[in-house]
Amino acid sequence: MTATRIDRGSNETTTIYSDGTDLIFERTFDAPREQVWKAFTDPEIVPRWWGKHGTTTTVVEMDVRPGGKWRYVNSAPDRDDVTFYGEYLDVAPIDRYEWTFMFDVEGVGPMGGPESYSFEDLGGRTKVVSVGHFDSVESIDGALSTGMVEGAIETWDRLEAYLANS
């Protein structure tokens, strides 16, 4: 069976598609790779940009090393808190990391799985590629039904704004 690339809500800044059972998000940020890496891996910086507009994120735990745990709690005035959590599986500073990305869905239970991030140096700009590995296309559809695309785009918009002002 040949995997098929399917657009999943790309816009002018962020390319989002599935390829088989992988869900890929790509965006180029106007900042050096070291700065972008730090924004993703510094627990003091993550709350400044992580989550949709109008939400706040608390980094409860963030141990950026293989076997290290992470846990973020995202809060909004119009809903219950959402906890995202997992474990770092592999870390190659400023180049890439892999972690498990999990969240609980009411009535369904835990969703998510392994996810990798790569940071490509484009001479003062940085291309970030996130690849979420799912067990089926149906699992991707279920994750997307939670508002994942809108949330990811808004989160990366907030990251772009943070990088421009830091």
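View 1. Let us start with Asp90, which is partly exposed at a relative accessible area of 29% (buried means under 20% relative accessible area, exposed over 50%, and partly exposed in between, with a 1.4 Å probe and protein chains only). The closest N and O atoms of Arg96 and Asp90 are 2.2 Å apart, and the two residues form a salt bridge (a side-chain nitrogen of Lys or Arg within 4 Å of a carboxyl oxygen of Asp or Glu). Salt bridges that share partners link Arg33, Asp90, Asp95 and Arg96 into one network. Please keep in mind that this is a predicted model, in which local features need pLDDT of at least 70 and side-chain atom pairs count only at pLDDT 80 or more, while totals for chains, interfaces and linings use all residues. Residues are numbered from 1 along each chain as its sequence is written, and side-chain values use heavy atoms, with hydrogens and water left out.

**View 2. Asp157 and Arg27 form a salt bridge.** Nine salt bridges turn up in a search of the whole structure. In one of them, the side chains of Asp157 and Arg27 meet at 2.9 Å, N to O. Asp157 sits in helix 3 (residues 148–164) and Arg27 in strand 3 (residues 22–29), so this pair ties together parts that are 130 residues apart in sequence. Helices (H or I, at least four residues) and strands (E, at least two) are DSSP runs, numbered from the N terminus. Is Arg27 buried or exposed? Arg27 is buried, with a relative accessible area of 5%, whereas Asp157 is partly exposed at 29%.

**View 3. Lys52 reaches Glu150.** The side chains of Lys52 and Glu150 meet in a salt bridge at 2.8 Å, N to O. Lys52 belongs to the loop between helix 1 (33–41) and strand 4 (56–62), and Glu150 to helix 3, so the pair ties together parts that are 98 residues apart in sequence. Lys52 is partly exposed, at 32% relative accessibility, and Glu150 is partly exposed at 45%.

**View 4. Thr55 makes polar contacts.** Look for Thr55 in the loop between helix 1 and strand 4; this residue is buried, with a relative accessible area of 10%. Its side chain reaches the backbone oxygen of Lys52 at 2.6 Å. The side chains of Thr55 and Asn74 are joined by a polar contact of 3.2 Å (a pair of N or O atoms within 3.5 Å; within protein, one must be able to donate a hydrogen and the other to accept it, and residues adjacent in sequence count only if both atoms are side-chain atoms).

**View 5. A nonpolar core holds Trp49.** The largest nonpolar core has 40 residues, and those with the most contacts inside it are Phe40, Trp49, Tyr72 and Tyr97. Such a core is a set of buried Ala, Val, Leu, Ile, Met, Phe, Trp, Tyr and Cys residues joined through side-chain atoms within 4.5 Å. Helix 3 gives the largest share of this core, eight residues. Leaving out residues up to four places away in sequence, Trp49 touches several others, including Phe40, Trp156 and Leu159 (contact means heavy atoms within 4.5 Å).

**View 6. Trp37 lies in helix 1.** Trp37 is buried, with a relative accessible area of 9%. The C-alpha atoms of Trp37 and Phe119 are 7.3 Å apart, although 82 residues separate them along the chain.
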